Amino acid sequence: MKNKEIVKAKFEKQFGTTGAFYFSPGRINLIGEHTDYNGGFVLPGAIDKGMLLEIRENGTDLIRAYAVDLDEYAEFGMEEKDAPSQSWARYIFGVVREIEKRGGKVRGFDTAFSGDVPLGAGLSSSAALESAFAFALNDMYHLGIDKFELAKIGQATEHNYCGVKCGIMDQFASVFGKKGHLIRLDCRSLEYEYVPFDPKGYRVVLVDSVVKHELASSAYNKRRESCEAVVAAIAKRHPEVKLLRDANRAMLDEVAAEVSQEDFMRAEYVIEEIQRLLDACDALNKGDYETVGEKMFGTHYGMSQLYEVSCEELDFLNGIARECGVTGSRVMGGGFGGCTINLVKDELYKPFIDMVQSRFPEKFGRAPKIYDVVIGDGSRKLED
Ligand code: ADP
Ligand code: MG
């Protein structure tokens, strides 16, 4: 977590006073990719990196905000017409607007914030930012908004003020995170369950390929269309099937001749991935991290060969992980770039990272980034 003293000093310099401190984390997703829009499950966890903010009511109708890491300041009102231009400030503005839409009354405040979630790496720095403000304003103004609604406020901020049509997972994980646990979220019913995650003797490390997800949005729409086409074919025989979540392998085989080879592969991946996640949860409940790791490799294979959302850099990183004997490794997020998430035995950590740091630049001419993460608690107020 970012140093509270830095934020405190900046806040004091900017506003000449002190306020209350809040923190909201970024997140990882251990397994369960492209399952959300198919009504399946995801398995995120909050991490030990996030957004730290200091905040205090200022007695005006203005928000005065200082982004410490960017050394940028913004001042804006709270009506729809007052939307600020800086992208970081729009997250704060959006959260305030979404709270107001739900009947919460927010008054002007001063804030300074700083985070250590890498931006745009797939660890959801934006959700950390939104959740931090949603949680802080709810607490500070005694609005009584429940945690689920706080997550939805963050999601609606992305939709309505930042142009990102995201699901609920990132904000949900940031708000609901719990140390030593992942959260199995049913993306259809939104029911959730904490699953123990305390991998003694292992470390979780992300390797950032530093490839940007440029192909992602058009490919994403195509993948969704494939899933819908297979559901339509299956539903002719099994009208109860509304999403791939409801289908199984036998149903898919029945329609093999009626769907394209490509659509078949896409659905095969999704049906297997939903099952892999459930199997991984069983293994976690038994503390069997080797099986969890096998499932992660299974996800990578499926994303690369069946769903076809990997890329050369990510496949290369996955190959190094296998060669080093890493327990589990897979591309994390939608694909086409970003990080691999790796479950690595303590004694293999150094040889693995050393090999990544020598072989990746050799092949791609640039260094990957390494982020160690530990699963931590969700949004909270920091007492002194
Ligand atoms: P991510 O995958 O990390 O969520 P996004 O593009 O969704 O990437 O969100 C990144 C945006 O969130 C940044 O452009 C910025 O507006 C805001 N942001 C994240 N972290 C910070 C920070 N430490 N300081 C200021 N703004 C931040
Ligand atoms: Mg984001």
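Modeller: R322 lies over the face of F297, with 4.2 Å to the ring centre; a charge sits over a ring if NZ of Lys or CZ of Arg is within 6 Å of the ring centre and within 35 degrees of the ring normal. The model is a predicted one, in which local features need pLDDT of at least 70 and side-chain atom pairs count only at pLDDT 80 or more, while totals for chains, interfaces and linings use all residues. Residues are numbered from 1 along each chain as its sequence is written, chains are lettered from A and ligands numbered from 1 in the order in which they are written, and side-chain values use heavy atoms, leaving out hydrogens and water.

F297 and R322 also take part in the contact between two helices, α9 and α10. Helices (H or I, at least four residues) and strands (E, at least two) are DSSP runs, numbered from the N terminus. The axes of α9 and α10 are 11 Å apart, at an angle of about 150°; axes are lines fitted to C-alpha atoms, for helices over the stretch in contact, with angles from 0 to 180 degrees between N-to-C directions. α9 is therefore roughly antiparallel to α10 (under 35 degrees is roughly parallel, over 145 roughly antiparallel, 65 to 115 roughly perpendicular, the rest oblique). On the α9 side the contact (heavy atoms within 4.5 Å) is made by F297, H300 and S304, and on the α10 side by L314, D315, N318, A321 and R322. Their crossing is left-handed, meaning that the near helix is turned anticlockwise from the far one by less than a right angle, whereas clockwise would be right-handed.

Helix α6 (residues 216–237) and α8 have axes 9 Å apart and pack at an angle of about 90°, so α6 is roughly perpendicular to α8.

The rings also pair with one another. There are 20 aromatic pairs in the structure (rings of Phe, Tyr and Trp, for Trp the six-membered ring, with centres within 6.5 Å; planes under 30 degrees apart are stacked, over 60 edge-to-face, the rest tilted). F172 and Y192 make an edge-to-face pair, 5.2 Å centre to centre with 70° between the planes. Because F172 is in helix α5 (residues 169–176) and Y192 in strand β8 (residues 192–196), this pair ties together parts 20 residues apart in sequence. F172 is buried at 0% relative accessibility, whereas Y192, at 37%, is partly exposed (buried is under 20% relative accessible area, exposed over 50%, partly exposed in between, with a 1.4 Å probe and protein chains only).

Y307 belongs to another pair, with Y269: the ring centres are 4.8 Å apart and the planes at 40°, so the pair is tilted. It links Y269 in helix α8 (residues 261–285) to Y307 in the loop between α9 (289–306) and α10 (312–324), 38 residues apart. Y269 is buried, at 0% relative accessibility, and Y307 is likewise buried at 0%. Returning to F172 and Y192, both belong to one aromatic cluster with F148, F176 and Y194.
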